Amino acid sequence: DGSYTGDADSFYVSFWFKMAHDYSGNFGDGTRMMVVAGDPNGTTAASNYLEIKFDNRYRGKLSIRTKESDPSYSACAQSKNCGDNFLDYTTIADRLDHTIWHRVEMTLRSKPQDYLDEWFYTIDGNPANPSQGGAFYKTQQYDEGRYMYVNRVSFVALYGTSAGDSQKKGIYFDDIICRAYNSAEPNVILDEYSTSFEPVES
């Protein structure tokens, strides 16, 4: 949106995660967790779509994937009528070791024009989508003339409370960092939040 007045044009999130499931019987547990930038009210997934997925099958694999607007981010910029239609998932990290901790970094670069925002991901220090502009989820907000600010990260379980879902053990998260800054001065942090669930060793 050409008229937005955010203090920062970049939003960075870093976190570590590890699957809680012990892999007994060599089966994944089907856990799916969405990790997204949230709006200031903490009620809406305001921008990207990133999902951690542990397949519920024999020797199931741990993967990370994103979703894009359908038919493409650039096509939505032309039609301005994509709504919440999405392409298939794009896997950006696959066959991850489910027994160890992994680090995810995700960075939003917002630009003062519709359909030009960009998301970039790094998994365990390796760029996961270095050439992928967009990676944007809530295209409908652009179509409807709404531009949502982001200032937090949200963790959303993608399963319910049925008997089958109770077998899903979820994910441990730690060392969560959120930062806001301007891309022209990335070392000048305008605001920052961090938390850790590990005890601090003296």
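**Exercise 1. Are W119 and Y121 buried or exposed?**

Before we start, note that this is a predicted model, in which local features need pLDDT of at least 70, side-chain atom pairs count only at pLDDT 80 or more, and totals for chains, interfaces and linings use all residues. Residues are numbered from 1 along each chain as its sequence is written, and side-chain values use heavy atoms, with hydrogens and water left out.

Solution. Both W119 and Y121 are buried (under 20% relative accessible area; exposed is over 50%, partly exposed in between, with a 1.4 Å probe and protein chains only).

**Exercise 2. Classify the ring pair of F155 and F173.**

Solution.
- Step 1: take the rule. Rings of Phe, Tyr and Trp (its six-membered ring) pair if their centres lie within 6.5 Å; planes under 30 degrees apart are stacked, over 60 edge-to-face, the rest tilted.
- Step 2: apply the rule. The centres of F155 and F173 are 4.5 Å apart and the planes stand at 50°, so this pair is tilted.
- Step 3: check accessibility. F155 is partly exposed at 30% relative accessibility, while F173 is buried at 15%.
- Step 4: widen the view. F155 and F173 belong to one aromatic cluster with F15 and F17.

**Exercise 3. Find which rings lie under the charged end of R65 and under K67.**

Solution.
- Step 1: recall the test. NZ of Lys or CZ of Arg must be within 6 Å of the ring centre and within 35 degrees of the ring normal.
- Step 2: take R65. Its charged end sits over the ring of Y89, 3.4 Å from the centre.
- Step 3: take K67. K67 lies over the face of Y49, 4.4 Å from the ring centre.
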